[in-house]
Amino acid sequence: MNPVRLALTMTLAQSLGVLEGVDSRAPLAIDDSALTVVHSTEYIDAVRAVGSGTASLAGPLLERLFGLGDADNPVFEGMHEAARLLVGGTLAAAQAVGSGSVRRAVNIGGGMHHAMKARAAGFCIYNDCAIAIRWLLDNGFDRIAYVDIDAHHGDGVQVEFADDPRVMTVSLHQHPATLWPGTGWPTEVGDGAAAGSAVNVALMPDVADQLWLRAFHAIVPSVLDAFRPQILISQCGVDSHRADPLTDLALTVDGQRAAMQAMRDLAEKYCDGRWIAVGGGGYGVVNVVPRSWTHLLAVVLDRDVDVDTTINESWCATAEQIAETVHSDYSQPPVGVMGDGGKVNYVAWDGDTGQDPPEGITGAAQRQTDRAILATRRAVYPLHGLDPEDPRD
């Protein structure tokens with residue numbers, strides 16, 4: 001989560017002309033009351049106290065009660081203010097889109113989808129995604145779709161809205177049996193009157209671009225069509241990349257770009273173009289994240305960058321220097337082109353028909369992905385009056 005990810009993304013986007021003529025907005029200067037719509041006051045007080053060195057509770061107790069100080073969520077000076085700043089960025093995006101002043105907005109610093117009501121988790125302190133959704137619900141929206149493509153399950157957002165039929169949470173992630181946090185099974189579909197509002201696509205390790213996109217298009221457009229959202233929020237974590245040191249999926253920058261373009265299309269089709277995109281995971285700090293999120297910025301701005309575009313040598317030289325300051329596990333050298341040569345020409349799912357896979361994909365890998373597709377469709381589709389076996393639904 002080294003913030004050089006964000007700096008390198010912005011300088012790369014600027015070097016490619018993606019941000020030419022674009023005015024960025026500062027995060028909203030929010031107070032703690034903006035956080036209490038999701039987080040408990042006891043938790044907020046604890047975060048503030050540990051970040052200022054005034055905590056009255058012992059370290060082991062803070063870790064047990066609030067997740068503060070464990071290996072994933074180390075305490076640091078100014079922790080509360082830094083985490084609140086990320087929330088202010090996503091709230092600025094939500095208010096800009098929600099008010100109609102813009103149709104799309106992106107906060108690459110957001111996407112802290114693991115934070116719970118009273119617990120830090122998975123590098124996330126305050127859940128900016130959930131807080132922004134709460135603001136939208138309080139300001140005229142009652143059908144909000146949240147689509148999460150991070151390799152880790154979007155558990156904090158799902159938990160927050162599991163019983164709220166006004167919010168649909170969709171997460172495509174590495175199978176919970178193989179990756180933390182161990183949630184996001186297809187059978188997690190939402191609670192009570194909100195049954196069907198949680199959609200989880202659990203993909204086994206080594207899923208590559210063509211199969212990931214096959215799964216996305218076999219499920220996401222259909223459930224959004226049934227839900228008819230007014231606004232789309234996308235969590236665009238890029239730890240699904242094949243070079244990510246913490247996960248086991250096998251996407252390329254090319255595949256991630258195709259996913260972002262697909263979500264833009266869905267926002268246009270179902271939400272009158274209203275789209276909020278945030279960042280998230282991604283631990284190839286130098287070699288992956290800046291390229292993928294530059295593509296995200298470009299897609300949001302309708303300035304799509306070709307994957308064969310060469311990256312400025314000056315930017316690469318600076319990135320190499322920065323890589324030396326980052327832990328060696330996360331600091332592979334920069335790549336000099338905006339793509340990885342990935343294949344994104346997926347074969348559309350056509351039911352349980354035993355389709356031939358595209359070149360380079362084994363039949364076993366496609367069958368495994370198709371089992372994941374069917375598991376999700378069978379769990380969720382009947383709750384929306386859809387036929388899980390019919391590819392037309």
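In the predicted model, 20 residues line the second largest pocket, and Met1, Phe76, Leu86, Met112 and Phe123 are those nearest its centre. On a 1 Å grid over the protein atoms alone, a pocket is an open set of points with protein on both sides within 12 Å along at least five of seven lines, whereas a cavity is a set of points where a 1.4 Å probe fits but cannot get out; lining residues have an atom within 4 Å of a point. The model is predicted, and local features therefore need pLDDT of at least 70, side-chain atom pairs count only at pLDDT 80 or more, and totals for chains, interfaces and linings use all residues. Residues are numbered from 1 along each chain as its sequence is written, and side-chain values use heavy atoms, with hydrogens and water left out.

The second largest pocket holds about 480 Å³ of space, where a volume is the space filled by probe spheres set on the grid points, which are joined across faces, edges and corners. Helix 1 and helix 4 each supply at least two residues of its lining; helices (H or I, at least four residues) and strands (E, at least two) are DSSP runs, numbered from the N terminus. The greatest contribution to this pocket comes from helix 4, with 4 residues. By residue class, the lining comprises 15 nonpolar, 3 polar and 2 charged residues. In this classification Ala, Val, Leu, Ile, Met, Phe, Trp, Tyr, Cys and Pro count as nonpolar, Asp, Glu, Lys and Arg as charged, and the others, Gly among them, as polar.

The largest pocket contains about 730 Å³ of space. It is lined by 25 residues, of which Asp23, Ser24, Arg25, Val106 and Asn107 are the closest to its centre. Two or more lining residues come from each of helix 1 (4-15), helix 4 (79-98), strand 1 (104-107) and helix 9 (289-300). Helix 4 again gives the most, here with 6 residues. The lining of the largest pocket consists of 18 nonpolar, 4 polar and 3 charged residues.

Strand 4 is largely enclosed by the rest of the structure, because 6 of its 6 residues are buried; buried means under 20% relative accessible area, exposed over 50%, and partly exposed in between (1.4 Å probe, protein chains only). Ala198, Asn200 and Ala202 lie on one side of strand 4, and Val199, Val201 and Leu203 on the other, so that both faces are covered. Strand 3 and strand 4 run parallel and are joined by 6 bridges; two strands pair if DSSP finds at least two bridges between them. Within this pairing, His173 stands opposite Ala202.

In strand 6 (residues 275-278), Trp275 and Ala277 point one way and Ile276 and Val278 the other way, and all are buried. Strand 6 runs parallel to strand 1, to which 4 bridges join it, and Ala105 is placed opposite Ile276. Strand 5 (residues 231-235) is likewise parallel to strand 6 and joined to it by 4 bridges, with Ser234 opposite Ala277. Together with helix 8 (residues 253-270), strands 5 and 6 make a right-handed β-α-β unit; a crossover is right-handed if, with the strands pointing away from the viewer, the path from the first strand over the helix to the second runs clockwise.

Two loop residues were also considered. Ala121, in the loop between strand 1 and helix 5 (128-137), is buried, with a relative accessible area of 14%. Ala121 and Gly67 are 54 residues apart in sequence, and their C-alpha atoms are 6.5 Å apart. Beyond neighbours within four places in sequence, Ala121 is in contact with Asn73, His114, Ala115 and Trp180, contact meaning heavy atoms within 4.5 Å. Gly336, in the loop between helix 10 (313-323) and helix 11 (363-380), is partly exposed, with a relative accessible area of 36%. Not counting residues up to four places away in sequence, Gly336 touches Thr309, Thr310, Ile311 and Cys316.
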